Structures are given as C-alpha cells and as structure tokens.
Amino acid sequence: MAETVDATIAATSRGCKLRCVACASEFERAEQDFRCLRCGELLEVFYPSWPKADPKRARELQTIWLDRRKSFSVLDQSGVWRFRDLLPAMQDWRNVITMREGNTPVFELPRCAKSAGVHRLIAKHQGMNPTGSFKDTGMTLAISVAREEKYRWVACASTGNTSASMAAYAAQGGLRSLVLIPEGKISWGKLSQALDYGALTCQLRTDFDGCLRLLREVVKRLPVYLLNSVNPYRLEGQKTAAIELLEQLEWNVPDHIIVPGGNLGNSSALGKALLEMRELGLISRLPKLSVIQAEGANPLVRTIRENGGKSLVTMEPHTMATAIQIGNPASWRKALHVLDATGGTVEQVTEVEIALAKTEIGSDGIGCEPASAVTLAGLKKLVHSGFVAPEESVVLILTGNLLKDPEYTLKFHRGELFAGTRDEGEAKSLASHRREPVVLDADADAVVRALEEAEKRTV
Ligand code: F0G
C-alpha cells in the first residue's frame, strides 16, 4: 500500500490534543483506558491550531474533498480519510488500515415519510459500510493509531457490530483481536463475522456494560489497545459520516438528524462534527440532533427526564434491538453536550414501535437492523409532539445492515417475534405488515393465483 498512499493534507489538522470532557485537563497522550488521569472522565480530541470560521478556507476544503473523489489513492478512496484535514494526522500514513469505509449512500424514504407525517425523509445508510455497520468509520482511524503505536493486540466489548468491525480491520492490518460479548444477547449474524475474521471471542455471562467494565481491567494489565467508543480516535473517524452527509446534501443543512442511542458514542461523534463544521465555516447553522432509545434501555432519556442531566441514571437494559441494549452508556456526558448545543431532544420507543418501523423501512426497499429502526419510530413521536414540523427536512441515520439480524426479521414475518412476551397483544396490530413466505405446490397455476391475490391486496 505504501506506494499508493498520498497523504496530501491541509496544514490545519496537524497536531491534535486530548481534553477531558469534565475537568478540561489537557493531555498529549492517553492512558490505556482513555480516562482522564485527574478525574477519570472521558477524553476528546481537539485541534488547537484550527482557525476560526473562514469562508474562503471552507470552500477550499470542500473543493479538495470533491477532487479527492477522482483519485485512486487508498486514502482518498476511503470516505473517512478523504476528510483527513479534520482528523488527527498520522505520523506515518502507511500505518493506515482502510477498507474504503464510509462512502455510504443517502436514500429517499417516501413510504416512511408518509407514515411519519413529514413531506420528505432521507436516510443515510451507515449499514452499507464494509462490515455492515457505522463502526467501520471509527475503526479505521483508531486501529491505525493502534498500529502506529505498535500494539500487537486490540480489544473491545461489544453488542456485536464493534466486534465484527474490529476483527475485520485487525485481520486486514495483521493485528490480533480480543472480543468480549455478552452471552446470548447478540445476534448470530454479528458473532459469525468476528469468528470468521479470526478474533479470540469470549462470551461472558454478563451484559454489555459488564463486558466493558471487565475490559477496562484487562487493558490495565496487558498491552492491549482498547477499541470501544471510549477511545476518542474512534469518534473522530465516526465524525466523517456527518461531513459526508452534508457534502451529499450539497452543504444544505437539514433541520433534524435522528440517531439511535446505545453507548452514545455515535451521537457524540456526529454532534462533534456538526459543531466543528460550524466553527470552521463549512455550515452556517446547526441541525437539531436527537437521540432515540428503546424504552427498555433508556438511560439517557431517564437521565434527562428524571434529574435534568445532572448525573447518569443507570439501569438493567432489555430490548430486542440488541445493538442498543446498554444501561450504563460511557459517552453520556458527550451526548448531553451535543443535545444542548444543537437544540436536539431525546425520545424512547416501544418494542412494537421498533418492529413496525423496521418493516416500514424495509418496504421502502432499504432495510436495516432493529437498532437503526428506532430512528423512524422516534421521528413519528417527535412529529406527533410537534418537535418536528411536517415541512422540516429530516435525516435518519441507519446504523446497521438488515442482514445483521436475520432471525429478528424472519421471526417478525412468521409472527413469532412477540410470542409469549408481554407485547403479544399489542403486536397483533402488526399483522398486516407481515409477509410470510407462501408454501405452494410446484404448479404454475398456484403461483399465478398467489400473484393475483397479492395484486388485490396492493394498496
Ligand atoms: N446501532 C447499531 C447498529 C449499533 O451497533 C450500535 C452500537 C448503536 C446503534 C448505538 O451506537 O453505542 O454509539 O450509541 N453498538 C455497539 C457494539 C455498542 O458493540 O457494536 P452508540
């Protein structure tokens, strides 16, 4: 890869530092658990040498990024590293491990728009990344830092997607990977990825929060590089989804961006990007960034509604949207800051609302995993409450691919998803959205009849 790396970079991004989000202490380097040495809170990357808003410079950057799309350099072909002017600079660009992540499409969702009660609805599908989730955009950056710092092992606790992403990038870069996942609480589709990519995978009898707690101990004892979203370099990579989105919208700022919330790294990263883009003059106003959680895994919603965001309300989380089954989100302070700064809000949705939203996104031909579908379910509530007006422009961030959790989708269409749960009664309302496979004799007449009947049901 060495000879194809062209690390042309605008001078502004060279040299970043780390800053504690609580006590604002500054550091050149992080400890292995990425916590502030003074107060134990999380760190964020900042760029002391960035100039203030400069329209001429902003236009220059926009042109540089567009020009890079014509290039065959691996860095330019990555939808993350194409924006490297706003990212930490590598000491040696040959350490970059990239799978041409990012570059994800935006789609119109006309049926979903109608069902949510807005005139127009757009989705940015981060599930179209190389390993099927938004995690790849952060992974390429943080794992490249791990290689630059000469780590042999990388590790994460995961509800599935982080582990698939980390294991793939580690394999690509010749690193070993350790995965801690909560036993029985992730989808097989995700676990199988980590296995195939060669990770040492440990299923622990605890939840995601327990896995993350334990991993903090492990990285203090061994030279293992932590790749959860407490790692601030991961969030720098994830920032680029917002930059890419604005570029795709030709720098027209939407009124709302809606994101699912689990450990709250992604909402923090997207919000950071929006604030930085405004600071640099790339955009002149901010979209409202809102976070949606499952009702059974709603620590951020409770933190805001029950104690005004003063301290985190933790909980034992339960939701079939396993990716966001998290009760003690590490990045809650960062997410609160983003909600405050952008004027966004939080909302929670039920399991039945998630299932309905997922099938509606599917009926627009897009599809996503359950955790991503909370965005549409949440939008409906935000329209209902008046927070989102019908004529406002809205972007949903779909975080994971439909094929990540095929069991959920199959069970839904077979009518088995809610069987024996307390939602069974309410879920009866979903019957008209189920599209069970039709079993027929191998007979053309039978297929023709089935088609004619389906045509009658077309709305
Ligand atoms: N959507 C999907 C598909 C996810 O995999 C995750 C998190 C989220 C949303 C929530 O993002 O944590 O940044 O708020 N998955 C993690 C994992 C925790 O281990 O794969 P967040």
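## A walk through the sheets, helices and ligand shell

Let's start with the six-stranded sheet: 6 strands line up in the order 4-5-13-10-11-12, the sheet is open, and the pairing is mixed. Keep in mind that this is a predicted model. At the edges sit strand 4 (106-108) and strand 12 (346-349), each of which pairs on one side only. Going from one strand to the next, the twist averages 25°.

Helix 11 (residues 332-342) packs on this sheet, where it touches strand 11 and strand 12. The direction of helix 11 makes about 135° with that of strand 11.

Now for two neighbours in that sheet. Strand 10 (residues 256-260) and strand 11 (residues 288-294) run parallel, joined by 5 bridges. If you want to find the pairing by eye, look for Val259, which stands opposite Val291 in strand 11. Another spot to look at is Ile258, whose bridge partner in strand 11 is Ser290.

How many residues of strand 10 are buried? The count is 5 of the 5, so strand 10 is largely enclosed by the rest of the structure. Both of its faces are covered, with His256, Ile258 and Pro260 on one side and Ile257 and Val259 on the other. Strand 11 has 7 of its 7 residues buried, so it too is largely enclosed by the rest of the structure. From strand 11, Lys288, Ser290, Ile292 and Ala294 point one way, while Leu289, Val291 and Gln293 point the other way; all are buried.

Strand 1 (residues 17-20) pairs with strand 3 in the antiparallel sense over 4 bridges.

| Helix | Residues in helix | Span, first to last C-alpha | Expected span | Buried |
|---|---|---|---|---|
| Helix 4 | 14 residues | 20 Å | 20 Å | 13 of 14 residues |
| Helix 9 | 15 residues | 21 Å | 21 Å | 11 of 15 residues |

Helix 4 covers residues 135-148, and it is mostly covered. After helix 4 comes Lys150, whose phi is positive, near 65°.

Helix 9 is mostly covered as well. Which of its residues are buried? They are Gly265, Asn266, Ser267, Ser268, Ala269, Leu270, Gly271, Lys272, Ala273, Leu274 and Met277. What covers them includes helix 8 (232-248), strand 10, strand 11, helix 11 and strand 13 (394-398). Helix 9 is followed by Gly281, whose phi is positive, near 85°.

### Around the ligand

What surrounds the ligand? The shell has 23 residues, and the closest are Asn161, Gly262, Asn263, Thr399 and Gly400. The elements that give two or more residues to this shell are helix 5 (161-173), helix 9 (265-279) and helix 13 (370-384). Which element gives the largest share? That is helix 9, with 3 residues. Sorted by class, the shell has 16 polar, 5 nonpolar and 2 charged residues.

### A last stop in a loop

To finish, look at Arg435, found in the loop between helix 14 (406-414) and helix 15 (444-457). Is Arg435 buried or exposed? With 12 other C-beta atoms within 10 Å, Arg435 is exposed.

Notes
Residues numbered from 1 in each chain as written. Predicted model: local features only at pLDDT ≥ 70, side-chain atom pairs only at ≥ 80, totals over all residues. Near = placed C-beta within 6 Å. Nonpolar A, V, L, I, M, F, W, Y, C, P; charged D, E, K, R; others polar. Pairing = 2+ DSSP bridges. Axes fitted to C-alpha atoms, helices over the stretch in contact; angles between N-to-C directions. Contact = placed C-beta atoms within 7 Å. Expected span 1.5 Å × (residues − 1).
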